[in-house]
Amino acid sequence: MAQPLTTVSVERGPHRIHARVQPGDGPPIVLMHGFPDNHHLYDRLVPHLPGRHVVVFDFLGWGESDKPASHDYTFENQAGDLDAVVRALGLDRVVLVPHDASGPAAINWALDHPDQVAGIVALNTFYGDIPGAPLNPPEAIRLFSDSDFARLTAHFAASLAQFRWLYDFQVGGFIQDDDLRREFVPLLFRQFEDQPSSIDAFMRLNANLVPAVLAATERTEELRNLPAPVRVAFGENDPYLTTAYGAALAALFPHGEATPIAAAAHFPQLDAPADVAHAILSAPTAAGRTR
């Protein structure tokens with residue numbers, strides 16, 4: 001039976017990162033959200049990880065974490081958020097579970113701290129450009145990350161109603177089940193209605209997307225030296241981060257494998273939480289055991 005999650009505040013400099021912890025056994029499983037979402041993306045998955053040590057958190061700028069106007073919202077700084085969580089909670093030999101835009105943060109942190117990583121289970125995420133498997137960002141991300149459309153995206157950002165329309169279209173389209181869509185789209189959008197809002201983090205991370213992908217591409221050769229096993233578990237129905245990209249990503253690691261999640265799309269942790277939990281718990285660790 002899953003234990004109640006405890007809310008923890010993690011300090012990163014003058015700012016506070018919101019984290020929730022489930023006590024348990026085994027290597028700590030660290031669940032990482034992408035954008036434009038937050039830790040609630042894992043609400044349906046955590047109950048399928050009973051008895052395990054689980055940590056889920058919001059990056060600065062998102063969910064219930066602080067949203068400082070002066071913060072530099074970049075993919076590199078998201079790796080710093082992850083590092084702050086790992087250090088503050090005393091985590092060791094972690095299993096990183098990145099999704100979507102948290103892929104660069106998780107993988108770069110693993111490259112920089114290989115002895116602290118038991119494994120990676122990547123859910124519909126990305127890293128860099130891979131020959132033969134081009135990235136295909138969702139329409140809204142493509143729009144907001146292109147400086148040629150700065151006037152248009154600034155207009156969306158200034159109008160909560162129009163930004164909500166775009167959010168419903170894009171994020172709502174990620175969720176296959178109608179009931180789950182009605183439940184989770186408002187829950188995930190709440191961070192943009194709150195003050196301070198997550199819109200600043202969203203705009204700045206989009207502006208940093210292309211530089212982050214280029215920087216990750218330059219580190220691609222380093223992936224071949226990562227000792228930890230990497231399981232790439234992508235929802236098969238994702239039209240953006242496809243299983244073809246996932247298989248190509250897995251092939252870059254010396255101990256990489258691709259495990260498609262059937263009947264799931266871009267949010268496999270919502271569409272098929274039991275299958276995602278199995279993918280996490282059955283994945284090999286760096287010591288060669290299964291979790």
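Biologist: Where do D83 and R87 lie relative to each other?

Modeller: Both sit in helix α1, four residues apart, about one turn of the helix; helices are DSSP runs of H or I with at least four residues, strands are runs of E with at least two, and both are numbered from the N terminus. This is a predicted model, in which local features need pLDDT of at least 70 and side-chain atom pairs count only at pLDDT 80 or more, while totals for chains, interfaces and linings use all residues. Residues are numbered from 1 along each chain as its sequence is written, and side-chain values use heavy atoms, with hydrogens and water left out.

Biologist: What makes D83 and R87 a salt bridge?

Modeller: Their side chains meet at 2.7 Å, N to O. A salt bridge requires a side-chain nitrogen of Lys or Arg within 4 Å of a carboxyl oxygen of Asp or Glu, so the pair qualifies.

Biologist: Why is D83 called buried?

Modeller: Its relative accessibility is 17%, and buried means under 20% relative accessible area, exposed over 50% and partly exposed in between (1.4 Å probe, protein chains only). R87, at 58%, therefore counts as exposed.
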